[in-house]
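Try each task before reading its solution.

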Amino acid sequence: MSMAMMNSFQTTALILLVSAAALAPQTAVALSTTIVQQQKTPTTTKDRPLLRQFGRGINERILNSKEGYNRFGLENHYTSDETIPCLDMQTTSDYNTNNAPSESLFDVSSQREIREAYMANDNTQQGTKAASDGIHGRSSGSGCCIIRLTGKDATSVRGLVDFADDFFEGVDNDDDGDDDDDANNDTNTAARRLKDLGVFRIANNVHAGFDRDVNKEGKMQVLYTKLIYPDQSDDDDPLLLPLEVGDLVGTASLSRAHSGMRTLFDIGSQITSAVLGMDTESTNKLLDDCSRTTTEKHEMVPDNHEKIADSISNSYQRIIRYLKPKPTKNEQDDVENDAAFWPHVDSTFLTLIPMPEIAGLEVWCPSSQYAKSEELAERGEWVRPIKPSGRGVGDAAGKSGEANSDDDCIHVVALAGEFLQLLSDGKVPTCIHRVIAPKPPSPSAFGFASSNKYKPRVSAPLFLRPRRGEEAVLDIESDLRDSDRKGLYFEKGLLEECDEMRVWDYMDCMSPDN
């Protein structure tokens, strides 16, 4: 059966795994062995004109950002330490019964500091301070912060980074055809199953699988994973799809990856709660941190595939490898060719990215002084987040393009998504960002190719999204306690239009057939 046919079907094995997730160990299963045709469910989402206008407004900002400049290294350019706040955080398990940080750990950023770090502001319009003195410097705010983790939190996130490297090492070993021992043979079998399976659609906006060449552009390879909730009474890790990934990387690597994901889920939940002023009950109701909130079971038949998808976490991990850019003739072609991801935003509350060793991510930092300039290029600049050396909010020192050595900690880039802008009533801008693949080593002075082997950039972002379930309905009065202030991107009547809406209906409204 062709890959194109498989991508339009849903596997029976996948459906059965939803009900058996807590009982079955994670071992390799050929998910493509038995298939049934997936039937689409008509969208019944209420039309929300202001919500559609909200989406169009974000798209317009994305288009404007394409005219902006990357001025790295030039005089007076926007820098990471100027525009992107740094927050010190730790998982809630490191807090004592008084809800205060342990004395043996560093001082963590307060909820107020977290909220202010993400909020957009226009210092010039406020007239209270010079444009360069705000928490975002000369920018009104990008929706991006750098999170610094230490101790066991840093160790767990490093495990997630290692998992990403292990995955692509397994894929490459299969390409090399090395079947000298049984272990390699099992790994290669899992890799081949992944490649044969491709990317399959489970339900609307729910996909999983491995794409060896996204859009056939030769720019990146992506592993799309999905997590099946563990039972409420079960302390085991969630089940990661595609199942073949477990055999490819091994049990130990997979366990470390789950530990890193739990840390990022915890940190992301804290940020979302602080920014939106939500209590624990509202956060658990709306934000999908890969914990089960209901024991409801659905009959395992194709007609129920959308409801069955509610048993799969709407948040997910993605592993991305950016491939070597093709050579071009001039600098402008370089920019267009090297952009593996064009400017875009994420349909998340937050996207949390352990900072890779190799730079490439760039975020759009709008200018607070020239936001409405007729010259689009004056409206902001692209900034590359780098590892800070300072401590605390706004004290992220460092030189652009350089990564500071800091062995006792790890840094995570946390990008605000569309849902954070929506539920903050425009106080937080969704972060517009792009990825520029690293360039290959330059030829020697004599014209010979460099002896340095090209090292592709690997990234392991976690996408923290709203729950899909019917219970994840927004109640403005009880869920959002900080909705009295108007944000820089405030749109009159928008939040009221979304009251009593299942938050995820935004996606069904904007992309019903994805």
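**Exercise 1. A residue in a loop**

Decide whether Asn215 is buried or exposed.

*Solution.* The model is a predicted one, and this residue can be judged from its relative accessibility.
- Step 1: the relative accessibility of Asn215 is 60%.
- Step 2: a residue counts as exposed over 50%, so Asn215 is exposed.
- Step 3: look at where the residue sits. Asn215 belongs to the loop between strand 7 (206-211) and strand 8 (220-224).
- Step 4: check the backbone. Asn215 is not a glycine, yet its phi is positive, at about 60°.

**Exercise 2. Another positive phi**

Find out whether Cys290 is buried or exposed, and describe its backbone.

*Solution.* 
- Step 1: Cys290 lies in the loop between helix 11 (280-286) and helix 12 (305-309).
- Step 2: its phi is near 65°, a positive value in a residue other than glycine.
- Step 3: the relative accessible area of Cys290 is 8%, so this residue is buried.

**Exercise 3. How far can the model be read?**

Work out where confidence is lowest and where it is highest in the chain.

*Solution.* 
- Step 1: begin with the whole chain. The average pLDDT is 78, and 70% of the residues score at least 70.
- Step 2: Strand 2 (residues 35-37) has the lowest confidence, with a mean of 33, while strand 13 (residues 350-354) has the highest, at 98.

**Exercise 4. Helix 5 against helix 10**

Which residues of helix 5 (residues 111-118) are buried, and how is this helix oriented relative to helix 10?

*Solution.* 
- Step 1: the buried residues of helix 5 are Ile114, Ala117 and Tyr118. Their arc around the axis is only 90°, so they lie on the same side of helix 5.
- Step 2: list their partners. These buried residues pack against strand 4 (86-88), strand 5 (144-150), helix 10, strand 13 and strand 16 (409-416).
- Step 3: zoom in on the helix pair. From helix 5, Gln111, Ile114, Arg115 and Tyr118 meet Ile271, Ala274 and Val275 of helix 10.
- Step 4: the two axes come within 8 Å and cross at roughly 80°. Angles from 65 to 115 degrees count as roughly perpendicular, and helix 5 and helix 10 are therefore roughly perpendicular to each other.

**Exercise 5. The two sides of helix 3**

Sort residues of helix 3 into a buried side and an exposed one.

*Solution.* 
- Step 1: helix 3 (residues 49-65) has 17 residues and reaches 25 Å between its first and last C-alpha, close to the expected 24 Å.
- Step 2: its buried residues are Leu51, Phe54, Gly55, Ile58, Arg61, Ile62 and Ser65. They cover an arc of only 115° around the axis, which puts them on the same side of helix 3.
- Step 3: Arg56, Glu60 and Leu63 are exposed on the other side of helix 3.
- Step 4: the buried residues of helix 3 pack against several elements, including strand 12 (339-344), strand 14 (361-366) and helix 17 (505-510).

**Exercise 6. A cis peptide bond**

Where does Pro242 lie, and which residue does a cis peptide bond join to Pro242?

*Solution.* 
- Step 1: Pro242 is in the loop between strand 10 and helix 9 (244-249).
- Step 2: the cis bond joins Leu241 and Pro242, with omega about 0°.

Terms used: Residues are numbered from 1 along each chain as its sequence is written. This is a predicted model: local features need pLDDT of at least 70, side-chain atom pairs count only at pLDDT 80 or more; totals for chains, interfaces and linings use all residues. Side-chain values use heavy atoms; hydrogens and water are left out. pLDDT is the predictor's confidence in each residue, from 0 to 100. Helices (H or I, at least four residues) and strands (E, at least two) are DSSP runs, numbered from the N terminus. Buried means under 20% relative accessible area, exposed over 50%, partly exposed in between (1.4 Å probe, protein chains only). The arc is that of the directions from the helix axis to the C-beta atoms. Contact means heavy atoms within 4.5 Å. Axes are lines fitted to C-alpha atoms, for helices over the stretch in contact, and angles run from 0 to 180 degrees between N-to-C directions. Angles under 35 degrees count as roughly parallel, over 145 as roughly antiparallel, 65 to 115 as roughly perpendicular and the rest as oblique. The expected span of a helix is 1.5 Å times one less than its number of residues.
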